[in-house]
Number of protein chains: 2
Amino acid sequence: MASPSDHKATIIDGKAVAQTIRNEIAAEVHLLSQKYGKVPGLAVVIVGNRKDSQSYVSMKRKACAEVGIKSVDIDLPEQVSEAEVVCKVHELNANPDVHGILVQLPLPKHINEERVLTEISIEKDVDGFHPLNIGKLAMKGREPLFLPCTPKGCIELLSRSGVAIKGKKAVVVGRSNIVGLPVSLLLLKADATVTIVHSHSHDPESTIREADIIIAAAGQAMMIKGSWIKPGAAVIDVGTNAIDDKSKKSGYRLVGDVDFHEACKVAGCITPVPGGVGPMTVAMLLKNTLDGAKRTLES
Amino acid sequence: MASPSDHKATIIDGKAVAQTIRNEIAAEVHLLSQKYGKVPGLAVVIVGNRKDSQSYVSMKRKACAEVGIKSVDIDLPEQVSEAEVVCKVHELNANPDVHGILVQLPLPKHINEERVLTEISIEKDVDGFHPLNIGKLAMKGREPLFLPCTPKGCIELLSRSGVAIKGKKAVVVGRSNIVGLPVSLLLLKADATVTIVHSHSHDPESTIREADIIIAAAGQAMMIKGSWIKPGAAVIDVGTNAIDDKSKKSGYRLVGDVDFHEACKVAGCITPVPGGVGPMTVAMLLKNTLDGAKRTLES
């Protein structure tokens, strides 16, 4: 048997998995367009000129184009009123060529995000954040129309890497509405024994050390050390944190919530940052849009 | 120090706590009626003549009367159609004297329960089971209009017994829509580190043994043994299971999901069955109805 220091975790290549999924989506989009003469449409709404939001939005629009999904681009100025954004959402709700609506967050301070998001038709809520969707996700015997993209991407990475979930101990670190909470609900639906640890948890490391599956979504750079990980555990690192790095031209580099270098010596498999969960989020957005379009076109 | 065998857990007297809460409610109802000339109204709908349902319903109606809540009694025959039940629910939704609607489950097989429950106005969903309510319960920064009665009763018993929740390890046994899942979400909102174990969990006892707080809601008579409980833990036993008992005239007695006799030697505090969580469920139903009435009358 190899000594612990020789161990090297399998790297889960999120970029490659996401590309496979995008190819699958492109093929399905092609079939849909042949069958119905229509392609799925995703409205991507951005308000203002935040650099980070613009780069996310342009990435999403490019991804749409690549798989043949029609991107409906809505660019609103920083000063737009809440009523105007809501009005635009209603217009998109009524547009039969739009099967998914994504409002890039954060919105400018004078606009109530919750108010705007609640106006998105549940049939087009491809982000899956509507409380009615989350409620159905939480409840046994109910099925949400859409699963939130990042949590869905985490589960997809596990299943495409051959990691069994049923009966396993899963620990989710962080309880955000966007990742921690919904991924916990998904793991529970998949019959894992789920524990959620967060900023108020005492002694998180001892809980994490029990986990067969770790989902790290705390937003804390490299908080999970190698010694916190059970040998052979599957580690999905959702964190994307910028830390100073003078050796880079930009002056920073991205790291996850897990100390990747240490974790590789212990974990069974692990996602890198970047190139792990990140690419999956966009792929799942495309998948949700495709599913929304199929539901509409096939009914 | 006393030896372990001398230890005797504090018994959490749910009946007494529920009575205190009912007295508080009665006082508030009195104030409301003085201020607005109106009392809260709870519609209790029963379909058919199941003996158990009838006994639950009559208990709820009696409890209403005791605190001054007007019980609107709707008794429908077994053969009623789904459409007729839905029509009745719509009528109650529109009735300004009704602040809460409770449909006693189970409904006869020819009626879709989910369909009927979804028709109850979210403002009158005193059971708190609407997926929109559950979604808001799950999400940070959102507040449901009503909390499901039994989970709310569990948290109330802990807080009125002086059991701190924040930062504690809580293990919920069972993941039903009615108890296990929503009580997990409530414990998470109260900043516990929450683990949910269920029928697919491997080695549930080792997980339960870590818990500072145990919520037993599996529906398995005495499955949780004394040796599964960490010394000093708080134990809330939601189970109500009938087991054969020849010494009783009825031929059975009710026991919880916890082996009460063994648990008393280890736990810090524990609810008995019956007389623990049961009375709290009805008290919380009355509280929800009062809160619904206050929201309407005060707005």
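Here are legends for several close-up views of a predicted two-chain model.

Residues are numbered from 1 along each chain as its sequence is written, and chains are lettered from A, with ligands numbered from 1, in the order in which they are written. Because the model is predicted, local features need pLDDT of at least 70 and side-chain atom pairs count only at pLDDT 80 or more, while totals for chains, interfaces and linings use all residues; side-chain values use heavy atoms, with hydrogens and water left out.

**View 1. Two copies and the axis that relates them.**
Chain B is superposed on chain A by a rotation of 180 degrees with 0.0 Å of shift along the axis, at an RMSD of 0.0 Å. The two copies are thus related as by a two-fold rotation axis.

**View 2. The interface between chain B and chain A.**
How many residues of chain B are in contact with chain A? There are 36, and they meet 36 residues of chain A, where contact means heavy atoms within 4.5 Å. The copies meet through the same surface, because 100% of the interface residues of chain B are also interface residues in chain A. Between them the chains bury about 3,100 Å², 57% of it on carbon and sulfur atoms; buried area is the accessible area (1.4 Å probe) that two parts lose on being put together, summed over both.

The interface of chain B and chain A holds 4 salt bridges, each a side-chain nitrogen of Lys or Arg within 4 Å of a carboxyl oxygen of Asp or Glu. In a salt bridge between B:R175 and A:D191, the closest N and O atoms are 2.7 Å apart. Helix 4, helix 5 (131-138), helix 7 (180-189), strand 6 (193-197) and helix 8 (204-208) of chain B each supply at least two residues of the side that touches chain A. Helix 5 of chain B gives the largest share of that side, 6 residues. Helices (H or I, at least four residues) and strands (E, at least two) are DSSP runs, numbered from the N terminus.

Look for A:H130 in the loop between helix 4 (113-119) and helix 5 (131-138) of chain A. Is A:H130 buried or exposed? A:H130 is buried, with a relative accessible area of 12%; buried means under 20%, exposed over 50%, and partly exposed in between (1.4 Å probe, protein chains only). Not counting residues up to four places away in sequence, A:H130 touches A:T118, A:I120, A:I122, A:D125 and B:L132. A:L132 lies in helix 5 of chain A and, leaving aside neighbours within four places, is in contact with A:I122, B:H130, B:P131 and B:L132.

**View 3. Salt bridges within each chain.**
Over all chains, the whole structure has 36 salt bridges. One of them joins A:E156 to A:R160, with the closest N and O atoms 2.8 Å apart. These two residues are separated by about one helical turn, because they are 4 residues apart in helix 6 (residues 149-160) of chain A. A:R160 is partly exposed at 37% relative accessible area.
Elsewhere, A:E210 and A:K169 meet in a salt bridge (3.5 Å, N to O). This pair links distant parts of the chain, 41 residues apart: A:E210 is in the loop between helix 8 (204-208) and strand 7 (213-216), and A:K169 is in strand 5 (residues 169-173).
In chain B, B:E119 and B:R115 form a salt bridge with the closest N and O atoms 3.8 Å apart. Both lie in helix 4 (residues 113-119), 4 residues apart, about one turn of the helix. B:E119 is partly exposed at 25%, as is B:R115 at 38%.

For B:C269, the nearest cysteine sulfur, that of B:C264, is 11 Å away. B:C269 is buried, with a relative accessible area of 10%.

Methods. Disulfide = S-S within 2.5 Å. Least-squares fit on C-alpha atoms with pLDDT ≥ 70 in both.
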